[in-house]
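Q: Could you walk me through this one? I'd like to go feature by feature.

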Amino acid sequence: MVITKFDKDTGILRSCFEGNVTLEEIIEYIDATRKNISYPRRLKILTEADNAEFDFNPDDLLAIVEANNKSIEKYEYIIDAIIVSDSKATALSMLYQEFSKNKKYRFNIFSTKEAASEWLKKIQFYT
């Protein structure tokens, strides 16, 4: 399951991945982000996936990258910090990080919410 909430105070979209998270759920989440015109066009995302189990394989990452690239077209840039805790999620996130390189997108992997939040606060986007 993917639950999202936009924090108006910080300007950060908080995404919580819980339980088994399927490829379809991630694509739906990315599509919803693409279609949401109320989010700032310079979007920062904190993805908490440390209590999730990714129910897809490395071959599915290209579909996620493709959906993400379509979403990025609607934004000036997106900065995304993901928190993961298990080895499968970490490996999939690292592969995704390599596949998703884009001038308008930054993605980084963390093991704690504190580190991810700090990175989001400090990071600047330069094209």
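Q: Which residues form the nonpolar patch on the surface?
A: Leu62, Leu95 and Phe99 do, with about 270 Å² of accessible area together. Patches are made of residues with over 30% relative accessible area and no salt bridge; like charges are joined within 9 Å, and nonpolar side chains (Val, Leu, Ile, Met, Phe, Trp, Tyr) within 5 Å. Areas come from the Shrake-Rupley method with a 1.4 Å probe, and for residues only the protein chains shown count as cover.

Q: What kind of model and numbering is this?
A: This is a predicted model, with residues numbered from 1 along each chain as its sequence is written. Local features need pLDDT of at least 70, side-chain atom pairs count only at pLDDT 80 or more, totals for chains, interfaces and linings use all residues, and side-chain values use heavy atoms, with hydrogens and water left out.

Q: How do strand 1 and strand 2 pair?
A: Strand 1 (residues 2-7) and strand 2 (residues 12-22) are antiparallel, over 6 bridges. Phe6 has Leu13 in strand 2 as its bridge partner. The two strands form a hairpin with 4 residues between them, and Gly11 in the turn has a positive phi of about 75°.

Q: And strand 2 with strand 3, parallel or antiparallel?
A: Parallel, with 10 bridges joining strand 2 to strand 3 (residues 42-55). The chain gets from strand 2 to strand 3 through helix 1 (residues 23-35), in a right-handed β-α-β crossover. Right-handed here means that, with the strands pointing away from the viewer, the path from the first strand over the helix to the second runs clockwise.

Q: Which residues in strand 3 are the bridge partners of Cys16 and Glu18?
A: Cys16 has Glu48, and Glu18 has Asn51.

Q: Is Phe54 buried or exposed?
A: Phe54 is buried, with a relative accessible area of 5%. Phe54 lies in strand 3, and its C-alpha is 7.7 Å from that of Lys88, 34 residues apart along the chain.

Q: OK, charges. How many salt bridges does the structure hold?
A: It holds 7 salt bridges, each defined as a side-chain nitrogen of Lys or Arg within 4 Å of a carboxyl oxygen of Asp or Glu. One of them is between Lys113 and Glu48, with the closest N and O atoms 3.6 Å apart. Lys113 lies in helix 4 (residues 113-122) and Glu48 in strand 3, so the pair ties together parts that are 65 residues apart in sequence.

Q: Where do Glu118 and Lys122 lie?
A: Both are in helix 4, 4 residues apart, about one turn of the helix. Glu118 is partly exposed at 34% relative accessible area, whereas Lys122 counts as exposed at 59%.

Methods. Pairing = 2+ DSSP bridges. Buried < 20%, exposed > 50% of the residue type's maximum accessible area, 1.4 Å probe, protein only.
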